[in-house]
Each structure stands twice: as C-alpha cells, then as structure tokens.
Amino acid sequence: MTEDTISILARSLNTAVVFVLAVGLFLRYRPKIHMPLMLTAFVVDLTNLLIIELGSGAVEQAVDAFAEGTYFVPFHVSVSALALAGYVVAVISGTKLYRASGLVLRLPVADPERVRALRKVHKVNAAIFIVMRLVSFVTSFWM
Ligand code: HEM
C-alpha cells in the first residue's frame with residue numbers, strides 16, 4: 001500500500017469512528033446498543049493506530065517531532081493519547097456501572113450510592129473524552 005492509500009484509509013476509518021461514537025452517545029441509555037458501539041469504536045481506533053504505525057512509522061515520527069520542538073504533531077499525539085486513556089476509563093467505569101445497576105441479570109439496584117458514583121465517573125470521563133476525541137479528529141487533518 002502506498003502512503004496515500006494508507007492516509008485515505010486512516011482518514012476514512014477516523015471519520016467512521018466519529019460517526020459510531022455519535023450514534024453510541026445518542027443511544028447512551030440503551031446499554032445493549034451503547035456498549036457494543038463504544039467498544040467497536042475503541043477497537044477500530046486501535047486498529048487504525050496500528051495501520052498508521054505500520055504504514056508510516058507514526059510513533060517514531062512523533063518522537064522525532066517532540067525532540068525537534070515543533071508543536072503541531074506533539075499536540076495531536078497528546079490529545080490522541082488522552083482520548084485512548086479515556087476509552088480505558090470508559091470501559092472500566094461502564095462495565096462496573098452495568099454490573100452495579102443490576103442491568104446484567106435485571107436485578108434490583110443493590111447499592112444506589114455506588115451506581116450514582118460510577119455514573120458520575122463515567123459521565124465526567126465521557127465529557128473529557130468527547131473533547132479529546134474531537135480535537136484529535138480535527139488535528140489529524142493537519143498531518
Ligand atoms: C468512550 C466511550 C464512552 C462514552 C463517551 C460513554 C458515554 C456515556 C454517557 C454520557 C452515558 C450517560 C451517563 C448519564 O447521563 O448518566 C453513558 C451511560 C452508560 N454507559 Fe457509556 N460511554 C462510553 C463507553 C462505554 C462502555 C465501553 C461501556 C461498557 C462496556 C459503557 C456502559 C455504559 C452504561 C452501562 C451506561 C448506563 C446506561 C443506563 O443508565 O441505562 N459505556 N455512557
């Protein structure tokens with residue numbers, strides 16, 4: 001694959017993920033749909049990172065850019081890394097929320113205080129994640 005083909009593929013996948021995330025967010029109170037959509041977005045984002053890395057040695061380029069003192073690439077890399085960390089927090093807090101809220105076996109909520117706390121963590125993380133993921137998307141077109 002040429003670098004142009006990889007770039008088009010990476011941008012298409014990136015755009016598709018933003019759409020999947022938007023739909024997943026819209027359906028945030030329907031966990032049976034919300035969870036698989038968000039997990040799909042995470043897996044596609046990781047796959048895309050692998051494609052970009054294998055295609056153009058992105059990690060090495062990013063390390064060089066940090067060393068050279070230019071700001072565009074390090075900024076994009078930093079917000080993208082924060083978005084990836086946001087996925088991890090979302091998976092952990094979302095899974096705990098799903099279990100604690102009794103949605104797994106349709107049980108009554110055993111500990112409403114815990115559910116409230118987990119929902120807060122999930123929601124605050126979601127707000128930060130959305131900003132990071134959108135900034136990562138926009139700045140990816142600078143590359
Ligand atoms: C980065 C990806 C994700 C974002 C941005 C996100 C965002 C949200 C938001 C904003 C809510 C509504 C919270 C509220 O207002 O109370 C929500 C609910 C929820 N999310 Fe996520 N989420 C993500 C990933 C996940 C994942 C991976 C899981 C599970 C594996 C998950 C499980 C849940 C559950 C169980 C609820 C509660 C649904 C309900 O109350 O009916 N989320 N999510």
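Biologist: The model is predicted. What is the mean pLDDT of the protein?

Modeller: The mean pLDDT is 92, and 100% of the residues reach 70 or more.

Biologist: In which helices is confidence lowest and highest?

Modeller: Confidence is lowest in helix H3, residues 58-68, with a mean of 81. Helix H5 has the highest, at 97.

Biologist: How are two packed helices described?

Modeller: By the angle between their axes and the distance between the axes. Take helix H1, residues 3-26, and H2: their axes come within 9 Å and cross at roughly 165°.

Biologist: Which word describes how H1 and H2 lie to each other?

Modeller: An angle over 145 degrees counts as roughly antiparallel, and H1 and H2 are therefore roughly antiparallel to each other. The crossing of H1 past H2 is left-handed.

Biologist: Which residues of H1 and H2 meet?

Modeller: The H1 side includes Ile-6, Leu-9, Leu-13, Val-17 and Val-20. On the H2 side, the residues include Leu-37, Met-38, Ala-41, Val-44 and Ile-51. By class, this contact of H1 with H2 has 15 nonpolar, seven polar and two charged residues.

Biologist: How do the axes of H2 and H4 cross?

Modeller: They come within 11 Å and cross at roughly 160°. That angle makes H2 roughly antiparallel to H4. H2 also passes H4 in a left-handed crossing.

Biologist: Which residues of H2 and H4 meet?

Modeller: Pro-31, Met-35, Met-38 and Phe-42 of H2 meet Tyr-87, Ala-90, Val-91, Gly-94 and Tyr-98 of H4. In this contact of H2 with H4, eight residues are nonpolar, one is polar and none is charged.

Biologist: At what angle do the axes of H3 and H4 cross?

Modeller: They cross at roughly 125° and come within 8 Å. H3 and H4 are therefore oblique to each other. Here too the crossing is left-handed, with H3 passing H4. Ala-62, Ala-65 and Phe-66 of H3 make the contact with Val-73, Pro-74 and Val-77 of H4. By class, the contact of H3 with H4 has six nonpolar residues, no polar and no charged ones.

Biologist: Now the ligand. Which residues around the ligand come nearest?

Modeller: There are 22 residues around the ligand, and the nearest are Arg-28, Met-38, Ala-90, Gly-94 and Ala-126.

Biologist: Which helices each supply at least two residues of the shell around the ligand?

Modeller: Helix H2 (31-56), helix H4 (72-100) and helix H5 (112-140) do. The largest share is that of H4, with eight residues.

Biologist: How do the residues of the shell divide into nonpolar, polar and charged?

Modeller: The shell has 14 nonpolar, five polar and three charged residues.

Biologist: Which helix should I look at again?

Modeller: Look at H4. H4 supplies the largest share of the shell around the ligand.

Definitions and conventions:
Residues numbered from 1 in each chain as written. Predicted model: local features only at pLDDT ≥ 70, side-chain atom pairs only at ≥ 80, totals over all residues. Near = placed C-beta within 6 Å. Helix = DSSP H or I, 4+ residues; strand = E, 2+ residues; numbered from the N terminus. Nonpolar A, V, L, I, M, F, W, Y, C, P; charged D, E, K, R; others polar. Axes fitted to C-alpha atoms, helices over the stretch in contact; angles between N-to-C directions. Parallel < 35°, antiparallel > 145°, perpendicular 65-115°, else oblique. Left-handed = near helix turned anticlockwise from the far one by under 90°. Contact = placed C-beta atoms within 7 Å. pLDDT = per-residue confidence, 0-100.
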